[in-house]
Each structure stands twice: as C-alpha cells, then as structure tokens.
Amino acid sequence: MKAMIFAAGLGSRLKPWTDHHPKALAPVNGKSLLERNILYLQQYGIKEVVVNVHHFANQIIQAIETNNGWGSTITISDETDEVLETGGGLKKAAHFFKGEEQLVIMNADILTNMQLDQMIQQHKQTNALATLAVSQRTTSRYFLFGDDSKLKGWRHEGTGEVKPVGLDTNGLHSRAFSGIHVVQQSLFAKIKQEGKFSMVDVYLDLCATENIYCFDHTGALLLDVGKPESLNKAASLFF
C-alpha cells in the first residue's frame, strides 16, 4: 500500500517557525513532523509515499534527499505554483496511485499512535469507499455519523452551519476528524471538483450515495501540531 502526506500548507498558525520554514519540518525531539510520519507509516509496512509541497518546497525536498527518505521511497507532488488544499492536492497526485487498490492519506502536522493496521482492516471489511479516522474530542467542526458509523454530514459549532443544508442532526454522533483517511482507488473517478478544494467537501458530496465510514480511535494519542505551544506538548508525548 502507498500513502500520501499533505505537506504543502502555509502553516500560518505555527508562526514564527513558518515565516522561514515549512510546517512539515517543525522539529519534535530532534525529528521533524514529516520524518515522524514517514516512520509511523513504516511501522505498518508502508514505504512508498507521495509528499506534496508548496511553502518552502525546496527545504522539504532537500531534507528528503539528505536523509534518503528516512528509509522510504518518497515522490514529490509539486504545488509550488498554487497550493491546492487537500482535495486538489490528492487529485493532482492521482497518477502516482495507479494500480493501487487502497491508499492512506494523512496530514503532516498530525502525530498519533493510532493503530493504523486496525483502521485498514476495518476499511476492507466494511467495503468502504473511504474510512475517516475520528475521535471524541472538542473542536469547532465535526463530522456527523449515524448509528451505522456512516458519514451523514458536518457541523460548525461556532456558526451553527450544517452541511448538507437542511440535514436533521437529531440522533447523529459528532466526531472530530483526525486528518487520516484510508480510501479506495475508485474514489478518484468520483471526485467532481476541480482546482483548489477540500476533501471534506468531496466526502460531503458523496456521503448520501457512498459508504464513507468512521474509524473511532478515541483513547489513542493524537496531537494536531498546528501552534507553537503544541510543539512543546508534542515533545512531552512523542520521543
């Protein structure tokens, strides 16, 4: 199985580090976020990885070359002309995954000890188009799932916005998305959006007709390393 790590973001929440460096190279106990996630994927036998780049792209490319991919074969998906967000970035990289039945996608700024093999196993058993890692934690935006663990919609806690519009949220379960997905190759043909767009919008467009499930990993370590203070917290959790 191959994977894609999203490393093209501007990382505006992680200033001042991202004034001069890409977020993916932010260090935690001497290892960058990108290196840690490359090594995380290796634990589950995934050693072929696509990394998209935009912000300080050359620093990421140099780090990969200097470290020989930290033992993995890493292919660069170049978004230096325009950052395409998660959906556009994945769609641009689609040709790297020809012949793959499934692939793993994750954000570079997520650190976790979640059992990825269990998520992949569930994905295969449920015949899902996509499986989304989620947990019960406080955030501003939630995916909404039914009792059958299928995706039904999305809600913004601050504004009250719900997607799709008019969705009856009674009885639905709110879960925070962890930025890790397992998807089928067949998903690419179903993505109708073009240019710059989010995978969240793709899933919300497809959830009424496709099997998009959650994998609830509540209890596992998960840290969104998006702010300077979260780097300090990460250093106390990931060695």
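**Figure 1. Helix H4 and its buried residues.** In this predicted model, helix H4 covers residues 116–125. Four of its residues are listed as buried: Leu116, Met119, Ile120 and His123. Seen down the axis of H4, these buried residues fall within an arc of 100 degrees, so they line one face of the helix. What lies over them? The cover includes helix H1 (33–42) and strand E6. Strands E8 (130–135), E12 (173–184) and E13 (212–216) are also part of the cover. After H4 comes asparagine 127. Its phi is positive, near 55 degrees.

**Figure 2. Helix H3 and its cover.** Helix H3 runs over residues 85–92. Which of its residues are buried? They are Gly87, Gly88, Gly89 and Leu90. Strands are part of what covers them, including E1 (2–6), E4 (48–53) and E6 (102–107). Helices take part too: the cover includes H5 (187–190) and H6 (199–206).

**Figure 3. The largest nonpolar core.** This core has 32 residues. Which of them have the most contacts inside it? They are Ile5, Leu34, Leu41, Val51, Ile60 and Leu116. Several elements give two or more residues to the core. The strands among them are E1, E4, E6 and E12. The helices are H1, H2 (57–66) and H4. A second, separate core has 30 residues. Its members include Leu90, Leu103, Phe188 and Cys207.

**Figure 4. Leucine 34 and its contacts.** Leucine 34 is listed among the residues with the most contacts inside the largest core. What does leucine 34 touch, leaving out residues up to four places away in sequence? The list is Ile5, Ala24, Val51, Ile60, Ile64 and Trp70. Ile5, Val51 and Ile60 are themselves on the list of residues with the most contacts in that core.

**Figure 5. Strand E1, an enclosed strand.** Is E1 enclosed or open? Five of its five residues are buried, so E1 is largely enclosed by the rest of the structure. Lys2, Met4 and Phe6 point one way from the strand. Ala3 and Ile5 point the other way. In a regular strand the side chains alternate between the two faces of the sheet.

**Figure 6. E1 and its two parallel partners.** E1 and E4 run parallel and are joined by five bridges. Methionine 4 has valine 50 as its bridge partner in E4. Phenylalanine 6 has asparagine 52 as its bridge partner in E4. E1 also pairs with E6 in the parallel sense, over five bridges. In E6, isoleucine 105 stands opposite methionine 4.

**Figure 7. Strand E4 and its link to E5.** E4 is mostly covered, with five of its six residues buried. How many bridges join E4 to strand E5 (residues 73–78)? There are six, and the two strands run parallel.

**Figure 8. Glycine 226 in a buried loop position.** Glycine 226 sits in the loop between strand E14 (222–224) and helix H7 (228–237). Is this glycine buried or exposed? Its relative accessible area is 4%. The cut-off for buried is under 20%, so glycine 226 counts as buried. Leaving aside neighbours within four places in sequence, glycine 226 is in contact with Arg13 and Leu14. Glycine 226 and isoleucine 5 lie 221 residues apart along the chain. Their C-alpha atoms are separated by 15 Å.

**Figure 9. Serine 12, an exposed loop residue.** Serine 12 lies in the loop between E1 and strand E2 (27–28). Its relative accessibility is 52%. Exposed means over 50%, so serine 12 counts as exposed. Serine 12 and lysine 227 are 215 residues apart in sequence. In space they are 8.7 Å apart, C-alpha to C-alpha.

**Figure 10. The whole chain, for orientation.** The protein has seven helices and 14 strands. Its C-alpha trace spans about 50 × 40 × 35 Å along the principal axes. A compact globule of 239 residues would have a radius of gyration near 18 Å. The protein has 17 Å, which agrees. Of the 239 residues, 51% count as buried. Take the contacts between residues at least 6 apart in sequence: 74% of them join residues at least 24 apart. The accessible surface comes to about 11,100 Å². Carbon and sulfur atoms account for 47% of that surface.

Note on methods
Residues numbered from 1 in each chain as written. Predicted model: local features only at pLDDT ≥ 70, side-chain atom pairs only at ≥ 80, totals over all residues. Heavy atoms only, no water. Buried < 20%, exposed > 50% of the residue type's maximum accessible area, 1.4 Å probe, protein only. Contact = heavy atoms within 4.5 Å. Arc of directions from axis to C-beta. Core = buried A, V, L, I, M, F, W, Y, C linked by side-chain atoms within 4.5 Å. Rg over C-alpha atoms; globule rule 2.2 N^0.38 Å. Areas by Shrake-Rupley, 256 points an atom, 1.4 Å probe, with all protein chains shown as cover. Pairing = 2+ DSSP bridges.
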